[in-house]
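Reader: Can you walk me through this one? I'd like to go topic by topic.

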Amino acid sequence: MTDFVLFDEEFQQIKEVIGRLKADAQAKVVFIVDKNGQQIAAQGDLESLDTTSLASLTAGNVAATDGLAKLIGEKEFPVLFHEGEKDNVYIAIVDQRVILVIIFDERSSLGLVRLRVRKATQDLERVFVAIQRKVEEEKERRQEGIDSPFAEITDEDIDSLFRE
Amino acid sequence: MTFINYAAREINCKIVYYGPGLCGKTTNLQYIYDRTNPAAKGKLISLATETDRTLFFDFLPLDLGTVRGFKTRFHLYTVPGQVFYDASRKLILKGVDGVVFVADSQEARMDANAESLQNLEKNLRDHGFDLATIPYVLQLNKRDLPTAIPADEMYRQLNYKGEPTFEATAPTGVGVFDTLKAVAKQVLMELRKK
């Protein structure tokens, strides 16, 4: 299975797209998580938020909903929406691989978020296609004998992580 | 599936604790959480029933330190051990980098251990992984119980591929960090090959 690799250039592009989405949708927070629960990027008022836990729970939520979809014969549920008293969470699957999460309150609306997400999703898909291409190019280069930066990890490096 | 973030200079890995119901998976995570420096850990999340049985998963993010300029972050998950939660259990294995199998040393649980191991093998295969090649550690837990059967007998029944094996008593922490270190080490070794 291929690892998911994120390079600086695409990271900046992703941040730009979700930053724009946050402004256009008048959201509080926008973040992107991969389907395994790793946070990829986030924009907005993050200080009061435990984004690591949010990422893991979002991925669990999507995984459970995906399981439900398959049970009733659907491919996936591409959008999930949770409505709260003050804050709402809108979750959309991008490119069947990553999860876009938007947290918003009464300053925005479900309709506006839905509209803005559509445009952002297309932009994000382009970035993730580019990442995939880059990872494959990288793999080819490695087959030509150019090593990954991790090829040089020594036993000593790993042991030092566990020294008290 | 390791997530290598060149932008943030981070390596993110996922480790799953697997095993039959009540074998001590959550207790392993709880001990790690209690004994880890606050700066190196996130919140321990438990999605459990009212009687504290794991319903979906427990989750603990840990920072282990820096390797070659990359921060190493490990996300530890447990699965619900009870047989009828298989659909949820399978979901947790998605994108896993390393597995710890926590076995219950009590004689009465040996069948449950074997069944759970078989279930692990199958669920990994359904995700495209192979237990024979994935980083894997066996933990023989509850060694302190009077009903525990001899460790070598357990090893004979549960050893899958000569994996590193540790005797443990999770509530007091015996063997807990040794198990974690052994699986983390294998996961990082795998990175070398990629």
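Author: One term before the strands: two strands are said to pair if DSSP finds at least two bridges between them. By that rule strand 2 (residues 29-34) and strand 3 (residues 39-44) of chain A pair, with 5 bridges in the antiparallel sense. Keep in mind that this is a predicted model.

Reader: What else does strand 2 of chain A pair with?

Author: Strand 6 (residues 98-104) of chain A, antiparallel, over 6 bridges. On that side the bridge partner of Val30(A) is Ile102(A).

Reader: Is strand 2 of chain A mostly covered or mostly open?

Author: Mostly covered, as 6 of its 6 residues are buried.

Reader: Which residues of strand 2 of chain A are on which side?

Author: Val29(A), Phe31(A) and Val33(A) are on one side, with Val30(A), Ile32(A) and Asp34(A) on the other. Both faces are covered.

Reader: What's the element count for chain A?

Author: Chain A has 4 helices and 6 strands, in the pattern β-α-β-β-α-β-β-β-α-α along the sequence. Its C-alpha atoms fill a box of roughly 55 × 40 × 35 Å along the principal axes. Of its 164 residues, 32% are buried. Among contacts in chain A with a separation of 6 or more, 54% are between residues 24 or more positions apart.

Reader: And how many helices and strands are in chain B?

Author: Chain B has 5 helices and 8 strands. From the N terminus its elements read β-β-α-β-β-β-α-β-α-β-α-β-α. The radius of gyration is 16 Å, close to the 16 Å from the globule rule for 194 residues, so chain B is as compact as a globular protein of that length. The C-alpha trace spans about 50 × 35 × 30 Å along its principal axes.

Reader: How much of chain B is buried?

Author: 48% of its 194 residues. For contacts in chain B with a separation of 6 or more, residues 24 or more positions apart account for 69%.

Reader: Switching to the interface. How many residues are in contact?

Author: 34 residues of chain B contact 32 residues of chain A. On the chain B side, strand 4 gives the largest share, 7 residues. That side divides into 16 nonpolar, 10 polar and 8 charged residues.

Reader: Which strands of the two chains are joined by bridges?

Author: Strand 1 (residues 4-6) of chain A and strand 1 of chain B, which run parallel and are joined by 3 bridges. Within that pairing, Val5(A) has Ile4(B) as its bridge partner.

Reader: Last one: Gly67(A). Which residues does it touch?

Author: Gly67(A) touches Ala87(B) and Leu91(B), leaving out residues up to four places away in sequence. Gly67(A) lies in helix 2 (residues 51-71) of chain A.

Reader: Why is Gly67(A) classed as partly exposed?

Author: Because Gly67(A) has 13 other C-beta atoms within 10 Å, and a residue counts as buried at 20 or more and exposed at 12 or fewer. Its C-alpha atom is separated from that of Phe77(A), 10 residues apart along the chain, by 9.7 Å.

Terms used. Residues are numbered from 1 along each chain as its sequence is written. Chains are lettered from A and ligands numbered from 1 in the order in which they are written. This is a predicted model: local features need pLDDT of at least 70, side-chain atom pairs count only at pLDDT 80 or more; totals for chains, interfaces and linings use all residues. Two residues are in contact if their C-beta atoms, placed from the backbone, lie within 7 Å. Ala, Val, Leu, Ile, Met, Phe, Trp, Tyr, Cys and Pro count as nonpolar, Asp, Glu, Lys and Arg as charged, and the others, Gly among them, as polar. The radius of gyration is taken over C-alpha atoms; the globule rule is 2.2 Å times the number of residues to the power 0.38.
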